[in-house]
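Visitor: I would like to learn how to read this model. Where do we begin?

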Amino acid sequence: MRESKGWSQSELAGAVDATQGWISKIEAGLVPLVEPRLTAVAKALDCPVSLLVDDTPIQGLEVTCLHHRRRHSKIGVTGKRRIEALTHLTRLSVEGLLQGVELVPEAELQRMDLDEFGGDPAEAARTIRAAWRVPSGPISNVIALLEAVGIIVVTRSLFTDAQDAVSTWPRDLDRPPIMVVNTGLPADRQRFTTCHELGHLILHAVPGDDQEKQANEFAAEFLAPAEEIGPLLAGLTTRDFPRLIELKARWGMSISALIRRAFDLEIISDRQYRQFQIRLNQLGWRDVEPGGLEAEMPATLTRVMTLHLDEHDYDTADLAHAARMLPEPFTTLYHPPGVLPKRTKLKLVTP
């Protein structure tokens, strides 16, 4: 909980009128955390006491293969620990909500060795599309497809713009994998990111040096198979941005990603690719592209919460308890059905 807030031990100590050394001993298991300080620490961390005494093993990086998709800068140790903590807490909440609920996926999701596909991530993507009977052409809703095969997708802030998403398998493979997607991503980037994480979940049992490149290749082929997108990008020049905007709307890929796809498929040369990058900078489209897409939202957890509310006689407090959270932060993060978000009061000042 402390790391999920990005707090140092000293910051938590200050919040509970204790010393950093005492917090360190508590976390190391050298001294017990008992009342009344147990309640004080829980209050400071905005969590139920039951969470602090929960003995569910924390899955570290080496166990979960929690994959980081970095953008412009590397994440420091504190940032990495925060993301891992958020991912672990998300899993605790999700698995708590899934108690008493059986998920029946439409297709089988399993890990595979990249060597089975001749070391080619694109071949793996084509195989998966065929196995899942994904129709030819664009995927209308990527998140819906991932949820259909049993992946639990959760959108929440990771408190950094250097991280798009993380994905993790549980120790017990009878439980579903979880994908945590950072909030605030443009819809086209979210689609590519979730396909990228799918590549990790399927192909990478342990982290490796080339995994980011492999996941990108998997995502590109999964979203826009070369056989289908190639002819549509043929003859592409820097005069064809209107065509790229149309393709973006149809395929749900950013203009930048489509240009990169053309380059990777050797449809445009190195020189043309550099010209495209210059033109993107000139247009100001590096940061914000034209042609917004409709955001994709996860639905599985909402359906699970609805089932608990309708069939198991839960209320919001029961849902929060199952998720090992207090009602207010639970409502803010998971938006249970029937609970309206709080609105900020606006003041109308008359002259």
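Predicted model: local features only at pLDDT ≥ 70, side-chain atom pairs only at ≥ 80, totals over all residues.

Visitor: What span should helix 6 have, and what do its end C-alpha atoms show?

Guide: Count 1.5 Å a residue. Helix 6 runs over residues 77-97, so its 21 residues should span 30 Å. The end C-alpha atoms are 30 Å apart, which agrees.

Visitor: Take S93, which is found in helix 6. Is S93 buried or exposed?

Guide: Look at relative accessibility; buried means under 20%. S93 has 3%, so this residue counts as buried.

Visitor: Which residues does S93 touch, leaving out those up to four places away in sequence?

Guide: S93 touches A322, A323, M325 and Y334.

Visitor: What radius of gyration would a compact globule have, and what does the protein chain have?

Guide: With 351 residues, a compact globule would be near 20 Å. The protein chain has 23 Å, which agrees. Along its principal axes, the C-alpha trace spans about 70 × 65 × 45 Å.

Visitor: What does the secondary structure come to?

Guide: The protein chain has 17 helices and three strands. Buried residues make up 45% of its 351 residues.

Visitor: And the surface and charges?

Guide: The accessible surface comes to about 18,900 Å², and 51% of that belongs to carbon and sulfur atoms. For charge, compare mean positions: those of the 39 positive and 48 negative charges are 7 Å apart.

Methods: Residues numbered from 1 in each chain as written. Heavy atoms only, no water. Helix = DSSP H or I, 4+ residues; strand = E, 2+ residues; numbered from the N terminus. Expected span 1.5 Å × (residues − 1). Rg over C-alpha atoms; globule rule 2.2 N^0.38 Å. Buried < 20%, exposed > 50% of the residue type's maximum accessible area, 1.4 Å probe, protein only. Areas by Shrake-Rupley, 256 points an atom, 1.4 Å probe, with all protein chains shown as cover. Lys, Arg positive; Asp, Glu negative; His and termini not counted. Charge placed at Lys NZ, Arg CZ, Asp CG, Glu CD. Contact = heavy atoms within 4.5 Å.
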